[in-house]
Amino acid sequence: MRAVAARLTVLAGILLISASPAAAQYNPYGTSAAAGTYTPTQQAYATQPPGYAAPQQAYAAPQQAYAGTPQVAPPQATATGQPVQQTSFPPTQFGPRQQTLMPGQSVPGSGTAFPPIGTDPVYTPNVRVADLIVNGFPARTGRIMFGGAVNSDAGVTGQITIDERNFDIMRWPRSFRDLFGGTAFRGAGQTFRLEAAPGSDFDRYSVQFADPNLFGYLPISFSASGFLYDRRYDDWDENRLGGRFSLGYRITPDLSLAVGISGQNVDLSNIRALNTGILSPGDAAEYQELADAEGDNELYSGSITLTHNTRDSPIQPSQGHYFQFQFEETFGDYDYSRIEVEYRKYWLLASRADGSGKQTFSYSTQIGFSGNDTPIFENFFAGGYATLRGFDFRGAGPVVGGTGGNPFIGVGGEFQFLNSVEYMFPITADDAFRGVAFCDFGTVESSVKLDSDSFRVAPGLGLRVAIPALGPAPLAFDFAYPVNKSDFDDERVFSFYMSLIR
């Protein structure tokens with residue numbers, strides 16, 4: 001009963017305090033609303049009615065009953081009586097703020113307006129962390145291709161190709177399941193290509209391996225290849241067996257540098273016979289040089305290549321340029337140096353709003369020089385689709401023979417200067433058919449010179465047919481007629497290149 005009476009007494013005291021006018025002015029911070037000065041808390045109870053002492057004593061009980069709750073200490077007053085303002089933000093204590101920020105005012109110590117007008121501060125964590133889960137599925141990186149090709153330079157050839165663009169030379173199979181399930185030798189982003197292309201005039205067998213990032217993510221590449229070429233020319237047969245190793249460094253996304261070493265054995269056979277008795281002394285010496293090269297010839301070389309490529313497409317570019325400089329030093333049965341420079345420039349003249357129907361103008365040049373000890377089978381040759389249209393393959397260049405009823409042999413030269421200008425335009429709205437107007441000009445000479453009597457010029461027109469089922473490269477059909485040529489050049493008005501690879 002005493003406990004109930006005590007609780008009733010405390011409750012009555014609280015009600016009396018709440019009803020008192022002085023209690024309505026109580027400020028828990030101890031500040032004056034008018035002056036902003038601190039007033040001791042005891043003064044808030046000085047205006048209670050006379051004789052009202054018991055509630056003041058009873059009011060201490062709730063303080064003890066709620067001793068476990070956080071208490072807010074009143075701010076310290078300065079010597080002038082002004083309260084000390086809090087300078088840390090956000091507050092380090094819980095409970096009512098000791099300073100109310102009006103909209104548009106600055107946070108103490110920050111100098112910036114906070115909170116936004118009409119809102120209270122919203123406290124958010126300084127660090128936001130979220131888990132990001134990426135699910136990827138490998139695409140098809142390997143393929144086996146069966147196809148064929150026919151062109152005016154190499155005749156008809158078949159082709160069987162195994163190509164893997166996500167090869168891993170270190171991932172050997174551990175079981176038959178790895179070997180036949182597609183997990184062996186795969187996963188490192190390397191390139192492996194095995195190709196067999198037998199043909200009527202030309203046989204090619206090659207194996208290639210390349211790693212675009214030899215040391216992790218560094219822009220250093222490595223490539224190795226082996227090859228066997230067997231080519232039946234009009235004047236002799238040539239068989240090449242060799243290999244090549246190369247290291248490349250990508251300086252910028254467009255600029256790269258490569259160094260390489262290679263070795264090969266070149267076997268010459270079935271050299272066309274000439275009547276040396278009616279040859280001029282110069283032709284006789286050159287023919288003897290070719291005859292001496294019959295059989296096996298060992299060549300080893302080191303090269304350095306600088307390439308800058310900004311073309312927007314490697315197949316049918318419409319903008320950008322391609323520049324390559326190569327220096328090669330060859331030793332073995334022959335010792336000589338070779339320098340080759342190639343430059344191609346493309347301009348976009350017009351196109352439709354969606355980017356189709358491009359009209360492009362291009363210019364290309366090839367300049368090459370080889371040393372005096374260069375064997376005839378390593379000389380520069382011109383004529384054909386890739387060099388000078390309007391001439392047969394290797395049909396534009398220096399020859400030996402051709403007088404007195406003697407046949408002649410194209411022996412090439414140690415200097416080349418080949419150029420081409422071309423304008424390409426759409427014929428159909430879907431760009432499946434394109435037309436070209438071009439002019440090829442240049443020469444191949446036994447020494448560094450430009451002779452008007454042997455300078456070749458061949459303008460012409462052509463057609464490009466794009467068939468998606470046959471691959472990205474279009475079919476090319478070109479008609480060119482030489483307007484300037486040498487006496488023993490072999491002409492070919494029509495040249496073409498067809499690819500049936502899928």
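Student: How do you know that strand S16 and strand S17 are paired, and which way do they run?

Tutor: In this predicted model, 10 bridges join S16, residues 433-445, to S17, residues 456-465. Pairing requires at least two bridges, so the two strands count as a pair. They run antiparallel. One of the bridges links alanine 437 to leucine 461 in S17.

Student: What makes S17 and strand S18 a pair?

Tutor: Six bridges join S17 to S18, which covers residues 475-480. With at least two bridges needed, this also counts as pairing, and therefore S17 is paired with S18. These strands run antiparallel, and valine 465 stands opposite leucine 475 in S18.

Student: Which strands are joined to S10, and by how many bridges?

Tutor: Strand S9, residues 320-332, is joined to S10 by 11 bridges, and S10 is joined to S11 by 12 bridges. The cut-off is at least two bridges, so S9 pairs with S10 and S10 pairs with S11. S9 and S10 run antiparallel, as do S10 and S11. Phenylalanine 323 stands opposite tyrosine 343 in S10, while leucine 348 has threonine 360 in S11 as its bridge partner.

Student: Why is glycine 357 called buried?

Tutor: Its relative accessibility is 6%.

Student: Which residues are in contact with glycine 357, leaving aside its neighbours within four places in sequence?

Tutor: They are Ala350, Ser351, Arg352, Pro426 and Asp431.

Student: Why is phenylalanine 185 called partly exposed?

Tutor: Its relative accessible area is 22%. The class lies between the limits of 20% and 50%, so phenylalanine 185 is neither buried nor exposed. Phenylalanine 185 is found in the loop between helix H5 (176-181) and strand S3 (190-197).

Student: What makes the phi of phenylalanine 185 worth noting?

Tutor: Phi is near 55°, a positive value in a residue other than glycine. Most residues other than glycine have a negative phi.

Student: What lines the second largest pocket?

Tutor: The lining has 28 residues, of which Ile315, Arg344, Tyr346, Tyr385 and Glu422 lie nearest the centre. S10, S11 and strand S15 (415-426) are the elements that give two or more residues to this lining. By class, there are 13 nonpolar, nine polar and six charged residues. About 780 Å³ of space lies in this pocket.

Student: How many helices and strands does the protein chain have, and what part of its residues is buried?

Tutor: The chain has six helices and 20 strands. Of its 502 residues, 33% are buried. Its accessible surface comes to about 29,900 Å², of which 59% belongs to carbon and sulfur atoms.

Conventions: Residues numbered from 1 in each chain as written. Predicted model: local features only at pLDDT ≥ 70, side-chain atom pairs only at ≥ 80, totals over all residues. Heavy atoms only, no water. Buried < 20%, exposed > 50% of the residue type's maximum accessible area, 1.4 Å probe, protein only. Contact = heavy atoms within 4.5 Å. Helix = DSSP H or I, 4+ residues; strand = E, 2+ residues; numbered from the N terminus. Areas by Shrake-Rupley, 256 points an atom, 1.4 Å probe, with all protein chains shown as cover. 1 Å grid on protein atoms, 1.4 Å probe; cavity = no way out; pocket = protein on both sides within 12 Å on 5 of 7 lines; lining within 4 Å. Points joined across faces, edges and corners; volume = space filled by probe spheres on them. Nonpolar A, V, L, I, M, F, W, Y, C, P; charged D, E, K, R; others polar.
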